[in-house]
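The exercises that follow ask you to read a structure step by step. Please keep the sequence and the 3D view open while you work through each solution.

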Amino acid sequence: MVIERSNLKTEIKSRMREGKGEIALTQLGVEPLQKHLRLLSEIVIPSGSSIGQHAHVAETEYYIILEGAALVNDNGAPAEVKPGDIVITNGGATHSIEAIGAVPLRMIAVIVTDQ
């Protein structure tokens with residue numbers, strides 16, 4: 001299956017998870033997703049905008065950083081991420097991410113459920 005970029009749906013979300021600003025979330029793939037795949041999206045976060053702190057219970061979220069830089073709160077520990085880095089959150093842990101720097105943060109977000 002090939003899905004052309006022009007056929008992908010993009011949503012603008014304001015203050016996602018009580019974060020700052022607006023982000024663009026593009027669904028990758030077709031509904032319904034595979035059994036344990038809850039989310040497969042490209043996310044673009046303008047500098048200064050963020051996804052607020054939230055937990056992942058009975059699932060794992062992966063952020064694959066493609067462009068830009070961000071500050072992640074990884075279960076209470078701050079860390080700066082850059083292209084090529086991967087953030088993994090599971091087991092009830094919490095995280096948030098805020099784009100920093102001159103260019104928007106572009107990443108792939110994947111959520112896989114345990115059951």
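**Exercise 1: a histidine and its surroundings**

His95 is found in strand E9, and the model in which you will look for this residue is a predicted one.

Task: decide whether His95 is buried or exposed, and then find which side chain joins His95 in a polar contact of 2.9 Å.

Solution. Begin with the accessibility: the relative accessible area of His95 is 0%, and because buried means under 20%, His95 counts as buried. Next, look for polar partners of this side chain. A polar contact of 2.9 Å joins the side chain of His95 to that of Glu61, and the side chain of His95 also makes a polar contact of 2.8 Å with the side chain of Thr89. Finally, widen the view to contacts in general, leaving aside neighbours within four places in sequence: the residues in contact with His95 then include Gly52, His54, His56, Tyr63, Asn73 and Val87, and Glu61 and Thr89 are also among them.

**Exercise 2: the largest nonpolar core**

Task: find which residues touch the most other members of the largest nonpolar core, and say which element gives the most to this core.

Solution. Start with the members themselves: the largest nonpolar core has 19 residues, and those that touch the most other members are Ile43, Ile45, Ile51, Tyr63, Ile97, Leu105 and Met107. Then ask where the core residues come from: two or more residues are given by each of strands E2 (22-27), E3 (37-45), E5 (59-67), E6 (69-74), E9 (94-100) and E10 (105-113). Of the elements, E10 gives the most, with 4 residues. As background, in soluble globular proteins nonpolar side chains tend to be buried together. To see one member in detail, take Ile51, which, when residues up to four places away in sequence are not counted, touches Ile43, Ile45, Tyr63, Ile97 and Met107, among others; Arg17 and Ser96 are also among the residues that Ile51 touches.

**Exercise 3: salt bridges across the chain**

Task: find which residues are linked with Arg5 in a network of salt bridges, and work out which parts of the chain the individual pairs connect.

Solution. A search of the whole structure finds 8 salt bridges. Take the pair of Arg5 and Glu42, whose side chains meet at 2.6 Å, N to O. This pair links distant parts of the chain, since Arg5 lies in the segment before strand E1 (10-14) and Glu42 lies in strand E3, 37 residues apart.

Now turn to Glu67 and Arg106, which form a salt bridge with the closest N and O atoms 3.4 Å apart. Glu67 lies in strand E5 and Arg106 in strand E10, so this pair ties together parts that are 39 residues apart in sequence. Glu67 is partly exposed at 39%, and Arg106 is partly exposed at 26%. Putting the pairs together, Arg5, Glu42, Glu67 and Arg106 are linked in a network of salt bridges.

**Exercise 4: the largest pocket**

Task: find how many residues line the largest pocket, and which element gives the largest share of its lining.

Solution. The largest pocket has a volume of about 190 Å³. Its lining is made of 15 residues, and Met16, Arg17, Leu25, Leu39 and Ile111 lie nearest its centre. The elements that give two or more residues to this lining are E1, E2, E3, E4 (50-55) and E5, and the largest share, 3 residues, comes from E3.

Conventions. Residues numbered from 1 in each chain as written. Predicted model: local features only at pLDDT ≥ 70, side-chain atom pairs only at ≥ 80, totals over all residues. Heavy atoms only, no water. Core = buried A, V, L, I, M, F, W, Y, C linked by side-chain atoms within 4.5 Å. Buried < 20%, exposed > 50% of the residue type's maximum accessible area, 1.4 Å probe, protein only. Contact = heavy atoms within 4.5 Å. Salt bridge = Lys/Arg side-chain N within 4 Å of Asp/Glu carboxyl O. Polar contact = N/O pair within 3.5 Å; in protein donor to acceptor, adjacent residues only side chain to side chain. 1 Å grid on protein atoms, 1.4 Å probe; cavity = no way out; pocket = protein on both sides within 12 Å on 5 of 7 lines; lining within 4 Å. Points joined across faces, edges and corners; volume = space filled by probe spheres on them.
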